[in-house]
Amino acid sequence: MTEHTPLIEINDLAIKFGSHTAVNNVTMDISRGRIMGLVGESGSGKSTLANAIIGLLPYAAQISHGSIHFDGRNLLSFTAQDWGKIRGKDLAYVSQDPMSALNPTLRIGKQMLDIQHFSEQSTTEKLANALAALEQVRMPQAQARLSMYPHELSGGQKQRVCIAMAIMARPKLLITDEATTALDATLEVEIVQLLKELQKDIGCSMLFVTHHLTVVEELCDDVTVMHQGDIKECGTVSEVFSNPSDKYTSNLLTCDPSRIEEKCRRLPIMFNLGLKELADPETDRKRINNKSRPLLSIRHLDVTFRKPRSLIDILTGKPKQRVEAVKTASLDIAPGETVALIGESGSGKSTLARAAFRLVPSEKGEIYFDGTDLLSITNADMRSFRNEMSLMMQDPIGSLNPRMPVGTSVIEPLIVSEKASGLNLRDEAIHLLELVGLSADFVDRYPHEMSGGQARRVGVARALALRPKMIIADEPTAGLDVSIQGEIFNLLAELRESMSLSILIITHNLHVVRHLADRMVIMYHGEIVETGTTENVIRAPKHAYTKVLLEANLQAKYGV
Amino acid sequence: MAQRTNKHTGLTRVRNVIRKLCSTPLGLFSVIIVTAFFVVGITGDWIAPYDPIKLDIRAKLQGPSSAHWLGTDQVGRDVFSRLLVGTKVASYLAVTAVSISLAIGIFLGMIAAFTSRWIDWSMLLIFDTVRSFPTLMFALAVIALFGPSINTIIGIVVISTFPSYARLVRTQVLSLRSMEYIEAQRAMGTRLPRILMRHIFPNVIGPVMIVASMDIPLVIGVEAGLSFLGLGVRPPTPSWGTILNDGFSFIRNTPWIVISAGLPLILTTVAFTTLGERLRDILDPKLRR
Amino acid sequence: MLAYAIQRIIVSILIIILAVTALFVMIQFVPGDPANVMLGPRATPELKEALRERLHLNDAFIVQVYYFFSGLMQGDLGVDLTSNRPVLGILIEQAPFTASLVASTLLVTLLGIPIGTYAAVHRDGFFDKASGVVSVSLIAVPPIVIGLYLILFFSVSLQLLPAIGAGEGFWEILLHLVLPTLAIGLTWIGYVSRLVRASMIEVLGQNHVKTARAFGIPNQRILRAYVLRVALPATITVLGVSIGFILSSAVIVEIVFSRPGIGKLMYDAVISRNYPVVMGTVLASTVFIVTATTISDLLNVMLDPRTKDEN
């Protein structure tokens with residue numbers, strides 16, 4: 001085919017799962033040598049579309065009409081043999097979840113040999129190719145990795161292996177499906193950089209599927225926006241991002257907390273852009289009571305985990321392995337204040353929160369709540385403090401009992417703390433749900449009948465059941481679509497004003513928290529490396545890690 | 001969906017599950033056979049057309065006829081009546097042995113999951129030890145020492161099945177214990193008994209019940225086997241195994257006794273397995289939605 | 001890997017010690033005089049006394065413990081009460097019959113793997129549905145019923161295959177193995193094929209298989225190295241457990257088919273209250289089963305490098 005035709009031409013494609021339409025009459029081209037970003041929220045059909053191109057739709061999916069042409073050939077008429085000739089050669093694919101993308105029972109080297117199945121080269125030559133590819137993706141100690149099993153690598157390393165496998169083929173089209181979603185922000189930046197370089201090297205086209213607008217802006221040449229199976233907008237990145245023609249796209253861009261530079265008191269949401277309200281330093285100052293002692297004061301806290309020894313360790317007298325999750329951490333939260341505890345996965349931030357609730361034992365230090373050291377009181381005394389602070393767990397649906405209707409879950413704290421007598425529990429449950437913006441009929445729903453955002457609201461309602469003085473929220477917006485993140489943000493912002501709540505937000509996502517937090521606390525490898533007001537930390541980070549983190553999170557254009 | 005009240009959801013769920021069970025021919029078949037198994041088990045004595053232990057030597061080893069639907073055995077007893085009454089032994093065993101075993105298994109499994117590492121470890125060791133006895137040989141040894149009786153069989157079945165339940169419960173509880181909703185309960189100060197009863201037990205009981213329903217054929221098989229060997233239910237009490245044994249002696253001349261005694265065994269065991277598989281398909285949260 | 005293997009073997013030894021202790025304790029709990037139980041109520045006092053002496057029943061409990069365990073250490077499982085021969089010798093004499101039955105059943109059970117694989121690959125096809133119905137119907141039926149029906153059909157009606165004894169000479173032995181093997185094995189073929197099918201379907205849907213497909217790795221290779229290899233450990237565990245059940249079923253089947261072997265030996269011993277033989281048999285089979293499950297666990301670790309001690 002000529003150089004001028006697009007590499008991929010998708011024409012009027014429709015894909016159904018039973019009666020549900022996942023992709024609805026989509027027409028789209030991917031040009032040669034360019035990077036196409038495919039953006040959409042969960043359920044938009046973007047991954048289904050990507051799977052259709054590589055011919056790996058799930059079992060239940062059916063293509064009802066349309067066509068996909070690759071280099072002029074109709075992919076939908078391909079037999080298994082035809083696919084065998086182009087997959088791993090002209091087409092390469094990097095999947096969503098690096099943790100599960102590699103065969104757990106084969107060594108890395110073996111898997112990299114397997115994908116060269118079409119090559120006539122000798123095994124030694126193939127191994128040399130594999131090593132070269134690993135070096136190309138800047139894998140540390142590439143030679144040693146070849147004889148390792150996937151479970152011996154970290155998530156980022158696994159993703160590097162997947163990318164190495166993809167580029168080894170020197171494909172015409174590289175498809176990546178949320179390839180950076182599961183990674184921490186700093187790692188995400190590295191991988192995106194890597195993909196950009198490799199694409200230039202090989203000169204291939206790329207389809208980059210993601211829900212992350214900022215990454216698209218950074219990496220892609222073109223962008224397609226999908227929503228509920230439809231294509232909303234398609235064009236070059238500069239066009240679409242600066243001047244979106246579609247309402248959905250422009251709303252999406254307006255609502256993305258990472259694209260709002262000024263600090264907001266309320267964020268705009270998809271269905272109500274006018275909600276946006278800038279933060280007012282004066283009201284914030286009034287809300288925080290800095291004069292009295294801090295509500296929560298963590299002093300020099302150490303949390304150490306001991307890995308249980310196996311029988312053989314005991315017999316050989318090997319000492320218990322210790323993991324220092326939190327190292328002499330100190331942290332204060334004033335009444336009414338919102339503090340963000342920021343760090344990457346494994347930095348010990350969740351452990352710190354769990355320690356405050358005595359869910360994990362602390363080794364050293366003090367945790368003062370309203371002047372009482374929680375670590376030195378009995379379990380029975382601790383019980384009364386559990387009424388004054390609530391913990392919201394990370395997974396919105398997983399933190400609710402799957403066999404309990406939501407209305408019952410919400411009033412559990414009342415029953416547990418024996419404050420339920422004399423209350424009409426059903427009314428109380430409805431009241432709590434309405435407080436977080438859910439209608440009364442949610443009382444009888446089960447967790448699996450709700451969306452992530454709704455379940456998150458239920459989590460907030462449960463946390464509020466006992467009218468606590470403080471909420472500790474672990475990743476309250478993780479896993480939620482950008483448009484929903486704003487809603488949860490606004491909910492927390494309203495509540496802290498109406499109920500004078502202190503909030504500790506634990507997160508790796510700077511975008512949302514930047515608007516909400518009065519102060520930021522940065523945690524790195526179990527240590528608190530920096531504390532300061534949100535404005536100061538963002539404007540003038542002191543610690544080297546904070547700088548890296550900020551750079552990765554809030555792209556350069558905000559003048560960081 | 002939206003207008004349900006709390007009290008009705010439990011019942012509605014059960015009704016929904018039964019409706020789904022009956023929606024496929026195999027499911028319907030298994031529900032009917034399992035129901036019949038328990039109904040006949042209770043009413044067998046009354047609905048049997050003949051006295052199952054009354055001898056009538058003149059009528060021995062007759063073929064199936066309108067008077068004796070499944071013929072008679074070597075001492076002239078009506079095989080059909082004996083099979084109906086024999087259901088009593090099978091269903092009694094299935095219910096008692098499995099429920100005792102379940103109770104012990106769930107209790108010990110929860111303890112193992114919620115106590116110290118050392119107790120957990122020692123209990124696992126004991127479970128694995130008990131599991132490593134071959135069921136029937138262990139049964140023979142016990143019978144050799146304590147003599148055959150229905151209670152001995154119950155004891156044998158309980159001892160040889162409870163470790164599997166305990167292990168299953170333990171694994172389930174351990175995986176639930178690290179779930180966020182349990183941690184959320186602990187954070188709000190819920191006491192251990194309430195966590196166990198309100199939040200863990202309801203989520204554990206489903207999978208265990210499914211395994212138990214699929215173990216009922218095993219129980220019926222052990223009884224049939226032991227009674228066949230003359231080491232289970234003592235004659236003249238009819239049980240499916242003793243009837244099989246009666247027929248075995250005359251297998252070359254009068255095969256219908258073995259054939260008809262085998263049929264209820266096949267029907268019930270297949271029904272219980274199908275029921276368990278269907279239940280798992282319906283209740284498994286991974287397949288739900 | 002090596003550390004895991006050593007640990008697993010230590011646990012197995014512990015299990016065997018515990019099992020032996022349990023059996024010993026069980027004997028102590030026999031109601032009444034063991035000599036009475038063994039010889040029956042009509043034995044003369046002299047006979048009973050002689051037996052007591054021989055089994056050290058008159059000694060203190062702790063001395064009995066000593067005799068029991070020191071005997072075991074030297075491979076002494078006691079003496080047959082009727083023939084006065086050492087139990088170990090009798091066991092060794094009878095073991096080949098049962099071992100061949102267990103081995104052939106295991107071999108037949110392996111058929112479940114290709115059946116399950118084919119069903120999983122051609123999911124919802126005719127073969128899948130048909131094999132599904134047949135497997136589910138066979139899974140739970142007690143071997144005794146299958147055995148009797150097989151005798152009726154193949155020996156009594158068709159007179160094709162022998163139903164009695166173990167036979168002599170290679171072909172005869174093989175022919176005599178067919179029906180007993182099927183009596184135990186049919187249910188296991190069904191069980192294993194269902195299990196392989198279920199775990200294959202699970203693995204087929206996993207991300208790493210999708211990755212392998214996306215790289216155009218040939219289907220045969222994907223099935224072998226990417227699907228079966230990951231799906232197989234669950235099956236091997238079940239095969240390890242199945243050995244216990246097969247051995248257990250052998251008791252019934254050996255009697256139905258009048259085959260010599262451990263099961264028949266044990267049954268006769270139970271009937272004649274020859275209880276050193278009973279205990280020796282249980283002990284030997286327990287050791288055998290523990291060994292089998294240990295081997296299957298170690299195989300698992302070799303196939304799946306992630307597996308560690310989950311306890």
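Hi everyone, let's start with a pair of residues: I10(A) has I68(A) as its bridge partner in β4(A). This is a predicted model, where local features need pLDDT of at least 70, side-chain atom pairs count only at pLDDT 80 or more, and totals for chains, interfaces and linings use all residues. Residues are numbered from 1 along each chain as its sequence is written, and chains are lettered from A in the order in which they are written.

Helices (H or I, at least four residues) and strands (E, at least two) are DSSP runs numbered from the N terminus, and two strands pair if DSSP finds at least two bridges between them.

Strands β1 (residues 8–17) and β4 (residues 61–70) of chain A run antiparallel, joined by eight bridges. On β2 (residues 20–30) of chain A, seven bridges link to β1(A), again antiparallel, and L13(A) is partnered by V26(A). The β1(A)–β2(A) hairpin has two residues between its strands, and G18(A) in the turn has a positive phi of about 60 degrees.

Now the open sheet in chain A: its six strands follow the order β6-β7-β8-β3-β9-β10, with mixed pairing. β6 (91–94) and β10 (230–236) of chain A each have a single partner strand, so one side of each lacks a neighbour in the sheet. Inside that sheet, β3 (residues 35–39) and β9 (residues 222–227) of chain A pair in parallel over four bridges, with L38(A) partnered by T224(A).

Definitions and conventions. Side-chain values use heavy atoms; hydrogens and water are left out.
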